[in-house]
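Here's a quick walk through the model on screen. Have a look at it before reading on.

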Amino acid sequence: METLTLFELNSRVHEAIEVGLPDEYWVHAEMSSVHVNAAGHCYIELVQKQDSSLFNEIGGGMIAKARATIWAARFRMLRPYFEQTTGQAFAAGISVQLLVTVEFHELYGLSYVVEDIDPTYTLGDMARRRREILMRLEEEGTIDLNKELPMPLLTQRVAIISSETAAGYGDFCHQLASNAWGFVFRTKLFPAVMQGDAVEPTVIAALDAIAAEQELWDVVVIIRGGGAASDLVGFDTYELAANCAQFPLPIITGIGHERDSTVLDAVVNTSVKTPTAAAEFLIAQMVAAAERLEQLTEALVSGITARINVERQRLQTLTLRLPAAYALRKATETHALTLREERLRTGINSLLTARRHRLEIVEKVLAGASPEVILRRGYTITYDADGHAVRSAAGLHEGDTLVTRFADGKTHSQVISHS
Amino acid sequence: MTYEQAILQLDDIVRQIETGELGIDQLTAQLKRAQELITFCRNTLYKTDEEIQQLLQDEKK
């Protein structure tokens, strides 16, 4: 057996590969790193993980790895083609379908040279990943939690998750600060990385920081500017979605994309297209609150005015009725008084008449009983010597002197005899 | 008091006036209270914390 030099052995491997794998091969893989150098060549590290579906396990369960190269001329064509079709930036973290040739270089070893790419695989893969995450959240019953949180009456204290350098952050703040109604907003930036692998851990850390002081905030906004192709794959993770779904404050996303939404957009309370739209949303909420306040103020004024008018009217009506009522009452009372007066008069008259009548009768009787009347009738009254009236003959004796009174005078006589 | 609570109280007062629940004697007191609530709400919407603090300072003087 001969002893070879390394170069010789490598050459043999080179030849064997050239002969054994001469064709172009379509391959699926995940890009764990993508680097474009100054000359425009793209160097990729491809990996295949054990369970590539749900989890974004960093570095875990890897079963295959390889380097791939896209030469500058080819890359200049493939990248825009890929990004326009998928709306996703050609960057680490996504799965791709590549057409490669197999190269082995004595010095540089094995690498795959990329000739073509099929973007629909990536689209399908991204969609699949999102579906899986959403299904899992649905099973756990958490998918609607943030959406069901009621938007507070005032969306005035806004916790912002973004990057200070992110396009859109500055504009967002400016929009709120210079809103046409003069509403006052209070904002604070909780910084996070808005693209690539670092999205998940930094956004979750920002959410934790906000949760720690949640009583200070009304809503959370997650914003970043974006273009036709943005590196959004970092937002399509289970951990991030689960965190947002269960967050105690309503979350609004405005992560600036044109195409289909990320998983994040599907689980948060409100999803809008851009940071500008997010600012408009917040301002619109405040406008609604201000309008309600104005309505109440107007209702207050008109309610009180109406009420006072009712009372005034009441008073007015009573005032008008007063003279007539008084006159009526007076007439009634006067009439009653008059009636009484008459009854009194009549009564007294009757009484007097009756008394008078009785008096007259007594007078007549008395008159009838007086001695003068008897004398005038022709009778006499006899008196004895003592001046007493004599009523019976029995007490008289012969010789007694008597006075006889006539109507027109007296005589003196003596008893001669009686029988 | 929160803005929500203020608005609800304001709602209540307006309702009482509109349904005639409120006696004439209470009208003045409730109107005053409503005006206070409206001022509070307007301040919350349109004034920063610092400006509100300043206003309160001025009121005390």
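## A buried helix in chain A

A residue is called buried here if 20 or more other C-beta atoms lie within 10 Å of its own, exposed if 12 or fewer do, and partly exposed in between, with C-beta atoms placed from the backbone. By that count, Leu240(A), Ala241(A), Ala242(A), Asn243(A), Cys244(A) and Ala245(A) are buried in H7(A). That's six of the eight residues of helix H7 (residues 238-245) of chain A, so this helix is largely enclosed by the rest of the structure. (Helices are DSSP runs of H or I with at least four residues, strands are runs of E with at least two, and both are numbered from the N terminus.)

What do the buried residues of H7(A) pack against? Their partners in chain A are helices H3 (119-140), H4 (145-148), H6 (199-212) and H8 (263-267), plus strand E9 (251-254). Contact means that the C-beta atoms of two residues, placed from the backbone, lie within 7 Å.

## Ground rules

This is a predicted model, so to speak of local features takes a pLDDT of at least 70, side-chain atom pairs count only at pLDDT 80 or more, and totals for chains, interfaces and linings use all residues. Residues are numbered from 1 along each chain as its sequence is written, while chains are lettered from A and ligands numbered from 1 in the order in which they are written.

## Chain B by itself

Chain B has three helices and zero strands, giving the pattern α-α-α along the sequence. The C-alpha atoms of chain B fill a box of roughly 40 × 25 × 15 Å along the principal axes, and 15% of the 61 residues count as buried.

## Where the chains meet

Chain A and chain B each put 18 residues into the contact. On the chain B side, H1 and helix H2 (24-46) each supply at least two residues. That side divides into 13 nonpolar, one polar and four charged residues (Ala, Val, Leu, Ile, Met, Phe, Trp, Tyr, Cys and Pro are nonpolar, Asp, Glu, Lys and Arg charged, and the others, Gly among them, polar).

Zooming in, H9(A) residues including Leu296(A) and Ile304(A) meet H1(B) residues, among them Leu10(B) and Val14(B). The residues of this helix pair's contact split into eight nonpolar, one polar and four charged.
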